[in-house]
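We will go from one residue to its surroundings, and then on to another spot.

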Amino acid sequence: MNRLAIYGAGGMGRETACVVSRINKKAPDTWHLVGFFDDGIPAGTATAFGPVLGGIDQINAERNPLAVAIAIGNPQIISRIVQEITNPNISFPNIIDPTTDFMHPESLKMGHGNILCPGCRISCNVEIGHFNIINGDVSLRHDVTLGSCNSLMPGVKVSGGTTLGNRNFFGLASSATQYLTIANDVRVGAGAIVMQDITSAGLYTGIPAQKKK
């Protein structure tokens with residue numbers, strides 16, 4: 001059984017712990033969840049899923065192999081944490097809920113450190129980078145490319161042929177229409193629909209999504 005810790009003891013971390021439990025029910029003894037790391041919560045704090053073990057310093061001091069899932073909703077914080085973890089004993093597995101529907105796994109390309117929550121549907125010829133949070137009921141259609149350190153909230157839909165850059169946040173039930181290109185560090189508000197290319201960082205809301213000044 002592989003030792004696993006979750007960075008982030010908040011809501012996303014607890015949801016990830018639930019996914020780990022569901023994985024173990026489907027494939028017993030896949031993971032041994034040892035607890036959480038979180039720089040904002042004191043070490044020793046108890047949670048329903050295990051104790052808080054410390055923060056980044058404790059991760060970097062780990063002397064034994066340890067898998068870590070980074071379960072933070074903020075893309076910029078995900079990116080920072082990734083850069084701060086320098087310990088060669090740490091690995092970053094993909095944590096994928098058993099209900100995830102890979103429509104054509106033969107054409108899927110996926111990096112490491114991704115978290116896929118229940119009910120996701122991944123179509124054919126999809127490319128997923130590293131350290132993405134793909135929350136419940138997200139749909140990535142054919143030929144979608146997703147960069148790294150993105151956070152897609154529940155119910156997000158990305159239509160075929162669309163490319164998302166890095167460190168983007170898509171709010172609850174937002175979506176992007178087909179064959180678009182979306183830059184880095186973009187925030188899309190809940191329920192918004194992106195209907196044209198986004199070339200600069202910022203907050204986009206509404207239908208069609210427009211940049212907030």
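Start by selecting Ile 70: this residue is buried, with a relative accessible area of 3% (buried means under 20% relative accessible area, exposed over 50%, and partly exposed in between, using a 1.4 Å probe and protein chains only). Before going further, note that this is a predicted model, where local features need pLDDT of at least 70 and side-chain atom pairs count only at pLDDT 80 or more, while totals for chains, interfaces and linings use all residues. Residues are numbered from 1 along each chain as its sequence is written, and side-chain values use heavy atoms, with hydrogens and water left out.

Ile 70 sits in strand 5, residues 66-70 (strands, E, at least two residues, and helices, H or I, at least four, are DSSP runs numbered from the N terminus). Which residues is Ile 70 in contact with, leaving aside neighbours within four places in sequence? Show Tyr 7, Ile 78, Ile 81, Val 82, Ile 85, Phe 92, Ile 115, Phe 131 and Ile 133 (contact means heavy atoms within 4.5 Å). For a distance check, the C-alpha atoms of Ile 70 and Val 82 are 8.2 Å apart, with the two residues twelve places apart along the chain.

Now widen the selection. Ile 70 is among the residues with the most contacts inside the largest nonpolar core, as are Leu 4, Tyr 7, Ile 85, Ile 95 and Ile 115; this core has 35 residues (a nonpolar core is a set of buried Ala, Val, Leu, Ile, Met, Phe, Trp, Tyr and Cys residues joined through side-chain atoms within 4.5 Å). Elements giving two or more residues to this core include strand 1, helix 1, strand 5 and helix 3. A second, separate core of 26 residues includes Leu 116, Val 138, Val 158 and Val 194.

Next, select helix 3, residues 75-84, and colour its buried residues: Pro 75, Ile 78, Ser 79 and Ile 81. Look down the axis of helix 3: these residues fall within an arc of 165°, so they line one face of the helix (the arc is that of the directions from the helix axis to the C-beta atoms). Their packing partners include strand 1, helix 2 and strand 5.

Finish at Asn 150, in the loop between strand 15 and strand 16. Is Asn 150 buried or exposed? Asn 150 is buried, with a relative accessible area of 0%. A polar atom of its side chain lies 2.9 Å from the backbone oxygen of Gly 165. Other residues in contact with Asn 150 include Phe 131, Asn 132 and Ile 133.

Note on methods
Polar contact = N/O pair within 3.5 Å; in protein donor to acceptor, adjacent residues only side chain to side chain.
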